[in-house]
Amino acid sequence: MSISIGVDVGISTTKIVGIIDGKVVKPLRIKATDPITSLYGAFGKYLYDNKIELSDIQKVMITGVGAAYINKPVYGLPTYKADEFLADGLGAQYESNLNKMIVVSMGTGTSLVECNGTDIKHIGGIGIGGGTLSGLSRLLLQTDDFDELVSLAKGGNISNINLQIKDISTKPLPGLPMDATASLFANAQATASRADIALGLIGMVLQAIGSATILSSLNTDIKDFVLIGNLTLLPQCKQLFPVMEKIYGVHFIIPQYSEFCTTIGAALQAKMVEENDESRIL
């Protein structure tokens, strides 16, 4: 067995996946107090859970903000730094079975990567993402716990937060249904419930990301957008993005392993590097 390992190292969370004969093997996520502990904890558990020996591993490809803290080979294995934007594109292509798309990596902020076959390039992004959601939740709800926020939002009513077309017009405007958003948070009152605020915050972040993605495609013929990253786990994605699809005639795709696409793409880069590649960690 010959396996390539992809590792997306965060400051406190690490994601790891193996690829054997072109197939993904059970992605795993581990939390720890620092990137080194997180990396080695994830690596050890992944090998143990999947009965993988060190001798089975061909290359280790690491990416993510925590990769900057790694300056020696992982367990003495051939270890390389993977390009994160290329990893986004390769992972999204693998998971979506599409070659042409814009990849929307919804992390702390949001980056946009355009893919056209083997031409994969970073085209921009916005400083709105999971970090925005966490910060505003701390300020307005006194929590940044992801699960608590999702649970709260289930009881929210978005019409108590956002101004909608139906609030300003007696009939639909061209191309806009009555429940389309006219202005985010414009309907919010000081008496708004925590549930309404939670739903409003999630909707604001997701709508901003969706709108930025659509605008980024205007000078192209791309209509397929692949969403990756932890925010794809928000249940509101399955409610909000289909509405934007209908309004703008585009297609938002959340693949099976959406939160692990960058990790998968890092592992896929193993076949692109040589033993003397300058990205190798000596």
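Start by selecting V65, which sits in the loop between β4 (57–63) and β5 (79–81). You're looking at a predicted model, so everything on this tour comes from computed coordinates. V65 counts as exposed because its relative accessibility is 57%.

**Into helix α8**

Next, pick residues 261–268, which are helix α8. How many of its eight residues are buried? Eight of the eight, so the helix is largely enclosed by the rest of the structure. Click along and you'll pass C261, T262, T263, I264, G265, A266, A267 and L268, which are buried. To see what they pack against, show β1 (3–9), β2 (13–20), β3 (23–31), β4, α2 (84–96) and β11 (224–228).

**Salt bridges**

The model has five salt bridges, and here are some to visit. Select R29 and E259: their side chains meet in a salt bridge, 3.1 Å from N to O. This pair links distant parts of the chain, with R29 in strand β3 and E259 in the loop between β12 (251–253) and α8, 230 residues apart. R29 is partly exposed at 36% relative accessibility, while E259 is buried at 17%.

Hop over to D221 and K100, another salt bridge, where the closest N and O atoms are 2.8 Å apart. Here too, distant parts of the chain are linked: D221 lies in the loop between α6 and β11, K100 in strand β6 (residues 100–106), and 121 residues separate them. D221 is exposed, at 56%, and K100 is partly exposed, at 34%.

Then try R138 and D144, whose side chains form a salt bridge of 2.9 Å, N to O. R138 is partly exposed at 46%, and so is D144 at 41%.

Now go to E245 in helix α7 (residues 237–248).

**Last stop: R194**

Finish at R194 in helix α6 (residues 194–216). R194 is partly exposed, at 36% relative accessibility. Beyond residues up to four places away in sequence, R194 touches L141, T143, E148 and L152. Zoom in on L141: its backbone oxygen lies 2.7 Å from a polar atom of the R194 side chain.

Notes: Residues are numbered from 1 along each chain as its sequence is written. This is a predicted model: local features need pLDDT of at least 70, side-chain atom pairs count only at pLDDT 80 or more; totals for chains, interfaces and linings use all residues. Side-chain values use heavy atoms; hydrogens and water are left out. Helices (H or I, at least four residues) and strands (E, at least two) are DSSP runs, numbered from the N terminus. Buried means under 20% relative accessible area, exposed over 50%, partly exposed in between (1.4 Å probe, protein chains only). Contact means heavy atoms within 4.5 Å. A polar contact is a pair of N or O atoms within 3.5 Å; within protein, one must be able to donate a hydrogen and the other to accept it, and residues adjacent in sequence count only if both atoms are side-chain atoms. A salt bridge is a side-chain nitrogen of Lys or Arg within 4 Å of a carboxyl oxygen of Asp or Glu.
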